[in-house]
Amino acid sequence: MHYIASDGRYRRDETLAGGTPTSEYRLPRDGVHVSVNHSLLEAVRSGRVPPVNVASPVGRGVATLPAGAETTEIGERTLGPIRLQGRAQVREGFGRTEYWMHEPPLMETAADTLAYPPIVIEMTIFMDTGERFEVRATSAQRIPPAPDMFTVPGPVP
């Protein structure tokens, strides 16, 4: 689940293989990115959202597109109340990857635009081997946020 606030705060909850629930919190106003493993009661805090290669099957939801390939625009569409920008990359020896991203409004107007990277909502990897890997969103909706939705649980060093 992705939770995106209009002020740029972001939370992603997922359950990894093996049933491990995790959450990622991005609080750009505070310059904080926290990853929480709820099963292990562990959290890792960093000062900035780490660059992530989302073309990897273990990619995360907050990311920049991988370097080393030409990016082309493939359109725009909506998913419920959010607008998604489509981009594709072809990487030599790897294949074609299509990304559908939500670009937070503050991404273009903030003093530190790197604090508000695009959020990859969907992606499809068409590998040169003929294999295909997909991450699809099934729905999107506006909800009133709970007061603690973007509060990182417990003390985080």
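Does arginine 87 count as buried or exposed, and at what relative accessibility? In this predicted model, arginine 87 counts as buried, because its relative accessibility is 16%, where buried means under 20% relative accessible area, exposed means over 50%, and partly exposed lies in between (1.4 Å probe, protein chains only). Because the model is predicted, local features need pLDDT of at least 70 and side-chain atom pairs count only at pLDDT 80 or more, whereas totals for chains, interfaces and linings use all residues. Residues are numbered from 1 along each chain as its sequence is written, and side-chain values use heavy atoms, with hydrogens and water left out.

Side chains of opposite charge can pair when their charged atoms come close. A search of the whole structure finds eleven salt bridges, a salt bridge being a side-chain nitrogen of Lys or Arg within 4 Å of a carboxyl oxygen of Asp or Glu. One of them is formed by arginine 87 with glutamate 73, whose closest N and O atoms are 3.1 Å apart. This pair links distant parts of the chain, 14 residues apart, with arginine 87 in strand S7 (residues 82–91) and glutamate 73 in strand S6 (residues 70–79); strands here are DSSP runs (E, at least two residues), numbered from the N terminus.

Strands S6 and S7 run antiparallel and are joined by nine bridges, and among the residues concerned, threonine 72 has alanine 88 in S7 as its bridge partner. Both strands belong to an open sheet of five strands in the order S6-S7-S8-S9-S10, with antiparallel pairing, where two strands pair if DSSP finds at least two bridges between them. The edge strands of this sheet are S6 and S10, each of which pairs on one side only.

A further salt bridge is formed between the side chains of glutamate 122 and arginine 136, at 3.1 Å from N to O. Glutamate 122 lies in strand S9 (residues 119–127) and arginine 136 in the segment after strand S10 (132–135), so the pair ties together parts that are 14 residues apart in sequence. Glutamate 122 counts as buried at 4% relative accessibility, while arginine 136, at 42%, counts as partly exposed. Salt bridges that share partners join Arg77, Glu122, Arg132, Glu134 and Arg136 into one network.

Glutamate 14 also forms a salt bridge with arginine 12, the closest N and O atoms lying 3.4 Å apart, and arginine 12 counts as buried, at 13% relative accessibility.

Key
Helices (H or I, at least four residues) and strands (E, at least two) are DSSP runs, numbered from the N terminus.
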